[in-house]
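The tour goes from one selection to the next.

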Amino acid sequence: MPDIRVLDKKGVTLRKAMREDGSALLKSFKGEVPNDETLMSIYKAMLCTRVMDDRMLKLQRQGRVAFVGTSTGQEAAIHASAAAFGKDDWIYSALREGGVTIQRGMPIQEYVAHMFGNAEDSAKGRQMPNHFQCAEVNFPSWSSVLGTQLPHAVGTALAMKARGEKNVVLAYTGDGATSSCGFHSAMNFAAVGNAPVVFVIIDNGWAISVPSSKQTASSSFGAKAKAYGMPGIDVDGNDAVAVFDAVQEAAKRARAGGGPSLVALRSYRMGGHSSSDDPTRYRDDEEVKYWSQRDPLLRMESFLTKKGLLSEAQRQELSTALVDEIKAAIDHAEQVGDPELESLVTDVYAVPPKHLTRQVIDALRIVAEQGDAERMQGKFPL
Amino acid sequence: MVQAINDGLRSIMKEDESVLVMGEDVGPKGGVFLATENLTKEFGEDRCFDTPLSEDGIIGVGIGMAMNGMKPVCEIQFQDFIFPAFDQIVSEAAKMRYRSGGQYTVPMTIRTPYGGGIRGGLYHSQSGEAYFAHTPGLKVVIPSTPYDAKGLLIASINDPDPVLFMEPKALYRAFRQEVPEGVYEVELSKTREVTPGGDVAVFCYGAMVPVCTEAAKRVKESRNKDVRVVDLRTLMPLDEESVLQAARDCGRVVIVHEAPRFCGYGAELSALIAEHAIETIEAPIKRVAGFDTPFPNTLENYYLPDARRVLDAIEEVLDF
């Protein structure tokens with residue numbers, strides 16, 4: 001067998017709850033299984049993300065959206081962790097957790113509008129696709145710089161603590177950004193300030209083409225917590241029950257005033273880094289094959305079926321309903337035009353200063369005299 | 001000035017519970033320049049607290065607080081130490097309102113002492129205002145008097161956008177001025193006419209204001225010419241109208257700053273005047289600036305513009 005990334009790393013104990021085929025809970029598991037309603041809501045969110053990613057990737061191939069970063073293979077890690085947080089808690093995301101907006105109640109239409117960057121996009125077409133945000137569900141966007149959102153999460157947690165609220169913050173990062181200064185600053189500030197925040201590392205094996213083994217010499221990502229003075233744990237990230245249990249435990253601790261925790265979810269990025277990355281250039285097919293046999297969605301379906309919560313007919317029904325709703329959202333989004341040219345200079349400051357007003361007036365004059373600017377033909381490289 | 005800043009912080013903290021102060025040594029010690037003296041004692045550790053030695057952490061955590069209803073005043077001990085936080089300031093604080101379509105905002109103030117004159121060498125003397133004035137979404141404010149320092153600081157803290165508040169450390173204890181008690185604001189993006197005059201307009205800010213005022217006095221004595229010294233006070237967004245008005249009224253312009261000349265703030269000011277008021281300009285626009293070198297230690301008095309060098313430039317534009 002070639003030297004590929006596998007689930008269990010020598011010397012690291014992962015918390016696990018269910019068998020790898022999802023057929024039953026492990027006897028050794030002593031944690032908390034989510035109630036049936038929570039299990040089903042996690043599953044629906046996982047399914048939505050899978051269906052959405054498939055659809056968006058197809059649109060990208062057809063040239064209808066510019067860029068997609070998929071979550072395929074990481075759905076349990078993403079949605080079972082988010083399920084441990086309430087509506088007044090805040091969630092700071094990294095690249096692949098955008099589906100959590102929908103899980104927390106943002107309409108699918110809004111998600112799709114952002115992918116198109118059209119006039120209905122809540123970011124007014126200012127960000128690349130896949131930088132989701134929604135203030136109504138307390139979900140700010142990440143920045144492409146990576147790791148920068150982690151200190152923000154700590155600041156928000158400290159603000160909540162200062163006001164005596166019981167809310168907590170979830171801060172996501174990938175394995176790559178654990179090497180960033182933002183990760184270090186955030187972990188350190190959080191522990192020193194006893195901030196009510198849960199750091200969740202979704203270790204999907206790859207930061208574009210660099211394997212996670214080249215991000216750290218620590219025995220595991222969970223082990224990093226120790227030096228900062230907070231609890232850390234490594235979890236099978238494709239096991240929705242284990243993920244929920246570990247993250248819920250950390251969230252409870254934070255809510256009770258016990259401070260921050262680190263939860264490292266070991267998972268796998270099944271696709272490329274994004275729609276324009278070709279992972280066959282740098283990783284072994286055997287590795288992809290190994291992880292495709294550990295699909296978190298199939299595992300969850302098997303678990304729910306065995307529990308009597310899901311039938312094949314129901315699965316079909318849910319899937320079809322999602323496909324239809326997403327299709328309708330796409331049809332609508334393609335009818336909506338670009339944001340107004342005037343929006344180019346709003347939201348830089350609360351009130352546009354005169355020089356910005358002058359600049360947009362000039363741009364409008366040139367449009368009136370010479371027509372619209374030509375659309376750029378360049379393609380995003382990553 | 002440093003007492004006025006301390007008084008400004010105390011006044012606004014009394015009035016607004018969402019204002020809090022954080023940074024290195026701002027707690028019991030009261031800051032290395034004593035700008036935050038007694039604030040922890042008066043308001044408690046929740047409102048004024050020491051942080052780990054981590055500039056990007058200070059600003060990043062401040063951003064997260066500001067996004068969640070607080071008005072943090074983050075201190076960066078010396079402006080020279082701000083660069084580890086450059087990404088958080090430029091890519092995060094400054095862009096948050098824009099990139100979220102107005103859903104999230106960062107009403108944060110970053111206080112930082114800048115500039116030379118204390119024998120601080122390379123890393124306790126720099127003037128980095130141009131890096132930040134170049135960043136859309138950020139406001140850059142520099143006071144030159146105790147009265148303005150307090151009023152502009154309170155206006156910055158109350159402003160809905162992130163403000164970099166750069167304090168000329170050379171003026172911290174340079175002269176005394178009575179300031180009103182309690183909360184008052186000096187409006188941002190408004191220049192101040194320091195001396196009236198119609199012969200030459202001298203634009204400056206921070207520690208260069210008294211330098212230019214002294215040069216103006218010498219020109220009056222030696223040539224009986226009236227120099228209008230204009231203190232910009234807010235570099236971004238600039239009070240363009242007042243700048244252009246002064247340039248048009250005088251027809252001769254000198255711009256003074258401590259920072260290196262190349263791509264310095266004076267370059268933008270010069271271009272602005274050339275673009276909008278060229279028809280009234282009677283002499284080349286002159287800049288007096290720091291050398292295009294790192295900041296020196298022993299020879300800092302030659303590096304920094306002083307009244308001699310400003311006078312030299314004023315005479316040059318008068319004689320053109």
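**A helix pair in chain A**

The crossing of α2(A) and α8(A) is right-handed, meaning that the near helix is turned clockwise from the far one by less than a right angle. This is a predicted model, in which local features need pLDDT of at least 70 and side-chain atom pairs count only at pLDDT 80 or more, while totals for chains, interfaces and linings use all residues. Residues are numbered from 1 along each chain as its sequence is written, and chains are lettered from A and ligands numbered from 1 in the order in which they are written.

Select residues 75–82 of chain A for α2 and residues 240–255 of chain A for α8, whose axes come within 8 Å and cross at roughly 40°.

Now show A:Ala76, A:Ala77, A:Ala80 and A:Ser81, which meet A:Ala240, A:Val243, A:Phe244 and A:Val247 of α8(A); contact requires C-beta atoms, placed from the backbone, within 7 Å. By class, this contact has 7 nonpolar, 1 polar and no charged residues.

Next, turn to where the chains meet: the contact takes 33 residues from chain B and 36 residues from chain A. On the side of chain B that touches chain A, the largest share, 9 residues, comes from α3(B).

Finally, select B:Val202, which, leaving aside neighbours within four places in sequence, is in contact with residues including B:Cys212, B:Val229, B:Val256 and B:Ile314.

Notes. Two residues are in contact if their C-beta atoms, placed from the backbone, lie within 7 Å. Helices (H or I, at least four residues) and strands (E, at least two) are DSSP runs, numbered from the N terminus. Axes are lines fitted to C-alpha atoms, for helices over the stretch in contact, and angles run from 0 to 180 degrees between N-to-C directions. Ala, Val, Leu, Ile, Met, Phe, Trp, Tyr, Cys and Pro count as nonpolar, Asp, Glu, Lys and Arg as charged, and the others, Gly among them, as polar.
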